[in-house]
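Please look at the sequence and the structure before reading on.

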Amino acid sequence: MKNLSSYFRSLSVSLGLAFCASLVVWATWSAGLLASLQAAFVLSEPNETLVPQSWLGALLIVGAGLSAGFIVERVGARRGLPLLGGGFILGCALSLLVSRFRQIDIAFAPMALAVVASVAAVQLRKLWDVDLNLTRNISHAAAHVSALEGGEASARLMGGLKLLQTMLPLDEAVVFQPDESEALSPIARLRSDSTPLSPNSSHLQIWREGVVLCERAMTRGEVIAAKPPGETDGKGTVALPLKHEGRAVGALLLRLREEFDEEDRPLLIAVGAQLARNLQRDKARRRLDEKEFLTFLSYRAAETRLASFDVVSGLLTEQRFGAAVLAEAFHGYAVAYLDGTLASVNPPMLHAAHLSEEEARNLDIFGLLDRFRGGVFDEPSIAVRRVLQTGEAYERDLYFTDRNQTLALRIALVASRDAIASPALEPLCLTVRVCDVTEKKEYEKLKSDMISLMSHELRTPITSINGFAELLAMDDTLPEQTREFLTIIRNESQRLTRMINTFLAVTQLERGDKQEVLKIPLKLDDVVRETVNSLQPVAKKKRIRLVEHTPVRLPPIAADRSLITQAVTNLVDNAIKYSPERTAITISTALEADSVRVSVEDRGFGIPPESIDRIWEKFYRVARDGQEKDKASTGLGLSFVREVVEQHGGNVAVESEVGRGSKFSFTLPRL
Ligand code: ADP
């Protein structure tokens, strides 16, 4: 609808212009100003020739003009040219023939002139339109860019000068910019504190010389290093044109404590280029603030366009830095456009993929990922599709037997939120990251191997200690105190065994020994009932009531029975341990959307807020006022629960309030 109306609007404007242009030609013709031109296309004597009347002439001229306007509007000037050219030749021939044999003048010259005028008017209007759009878009882009680019221009200039100060023995640095009258005026200045202020007149003289040097540098377009006259102690003055897109937008004057070292020239030019971009942007921003309505024929508008273009090109230069920085990254990175083309691949990625730069140039993202194909990563295209569909990153540890290497691969979709255009995330590109985690993996394995070795080695002697202590304690002939000591030895060695067992279980689970997690269909209600029954005696000792609350029949879950039983036991055991006497503990089950939940709620001591996030950590124990750390506590019980639950694809949760109690719960996905 919108297109149609804009089409008609454009057509009517063009026809209107063609009409006006034709009217002007007609008026000129009526006034007799085209007589000689008209005569050139007539082959009969003027007084014998029949000339069309004014109204007929108007009809012919305006008709020709409108038709030409219509053709240019519809098919464009270039494609309409054969048609118009053909019409011209035909008209010309017709005019000559008719005037020769019938003595009639068909007013061909004004008609042709009306065609030319209409074509020019319509074409100009079209150019105007395009130009208006161009100006609008490029100014918009430049304004958008300036809004993105942080920091005041003057602050950025000073930043640049400070950077120069770190690498050059600077006495003074001044940035000049030409003003309206093209005279250089200083816009940023940095002086090292040690510079003594020279007497006024000579200072002015030096200043003027500096300005002249800068003007010369700008005209010549190159760095000029000079020794100030009268200076014999090796001081140097350098003037550098600040060039952006080949045009000098300002100049930088440096006064050095030492002679200028030619080796510094490339660096100086690079910093100068950055300062030039800042200067240009600052100037353009001021220009962009003035609204220009006249375009195409306006010199100022054309300058605005140029300034805007320079801003955009400056930004493009700076954007390239981002990609170049990737070369410095430690890990392998590749960036791919959403058509799969690789935008950049950094050296560590080339190394990990065993590719040369030349080979990588001919690959797309799939070709690159193919280099990592194998084992758990056998279909790279499926991984990419999943990332594109869900927007979630794909992560896998890939082990390569041939080179005994483990690489952590991550494929992610990079999206950005353009707050102005739309609040939704807009996908931009794909990134592939590869980290060599071989050493880390080996270290982790070594660590857990050592732990389990140590634990096994510890278990054997403890079993002996425990067994013999038990045997001895049964001997009635021993004195009472000795037996008491033996009981302590037995209890403590049993505690040690329990600790080692839990520790072993946790490390084993962490290592991801999945083959040991045997998942079979399991009814959680049964597990809860068994646990409650087995812990009743412990609870009774503290006069704690265990309440079972299983309101609905639960669907079965797939789980390792002994692990889940141990997890529930740990939670109920904790609840008993950390509750005062004569309280109740509720163990309940509930059905949720796609999981089942087990909760253990007590009226115990509760957990302070600063500890709540840490209680799932291994060996973490809550320190409570006035309460000694429980001897039977290892800080491993809850970390075991979390490991088990997460291995089964569930989540753990806790809510607690000091003095009021805690509620521990976990979910497990239903079958
Ligand atoms: P522990 O072997 O010490 O019980 P856990 O990992 O099971 O180790 O628990 C870690 C800490 O969390 C414990 O030291 C305890 O202070 C606290 N905690 C666990 N369960 C509860 C509970 N139901 N009420 C209060 N504190 C608890």
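## Overall form

The model is predicted. The protein has 19 helices and 17 strands. Along its principal axes, the C-alpha trace spans about 160 × 80 × 55 Å. The radius of gyration of the protein is 44 Å, whereas a compact globule of 671 residues would have one near 26 Å.

Among the contacts in the protein with a separation of 6 or more, 64% are accounted for by residues 24 or more positions apart.

## Surface and charge

Of the 671 residues, 39% count as buried. The protein exposes about 38800 Å², and carbon and sulfur atoms supply 58% of this area.

The protein has 79 positive and 84 negative charges.

## The nonpolar cores

The largest nonpolar core has 42 residues, and Leu546 and Ile564 have the most contacts inside it. Several elements each supply at least two residues of this core, including helix H15 (480-510), helix H16 (524-541), helix H17 (561-577), strand E14 (584-591) and strand E17 (661-669). Helix H17 gives the largest share, 8 residues.

Which residues does Ile564 touch, not counting those up to four places away in sequence? They are Leu522, Leu524, Val527, Ala559, Val644, His648 and Leu668. A second, separate core has 27 residues, among them Ala334, Phe372, Tyr394 and Leu413.

Notes: Residues numbered from 1 in each chain as written. Predicted model: local features only at pLDDT ≥ 70, side-chain atom pairs only at ≥ 80, totals over all residues. Heavy atoms only, no water. Core = buried A, V, L, I, M, F, W, Y, C linked by side-chain atoms within 4.5 Å. Buried < 20%, exposed > 50% of the residue type's maximum accessible area, 1.4 Å probe, protein only. Helix = DSSP H or I, 4+ residues; strand = E, 2+ residues; numbered from the N terminus. Contact = heavy atoms within 4.5 Å. Rg over C-alpha atoms; globule rule 2.2 N^0.38 Å. Areas by Shrake-Rupley, 256 points an atom, 1.4 Å probe, with all protein chains shown as cover. Lys, Arg positive; Asp, Glu negative; His and termini not counted. Charge placed at Lys NZ, Arg CZ, Asp CG, Glu CD.
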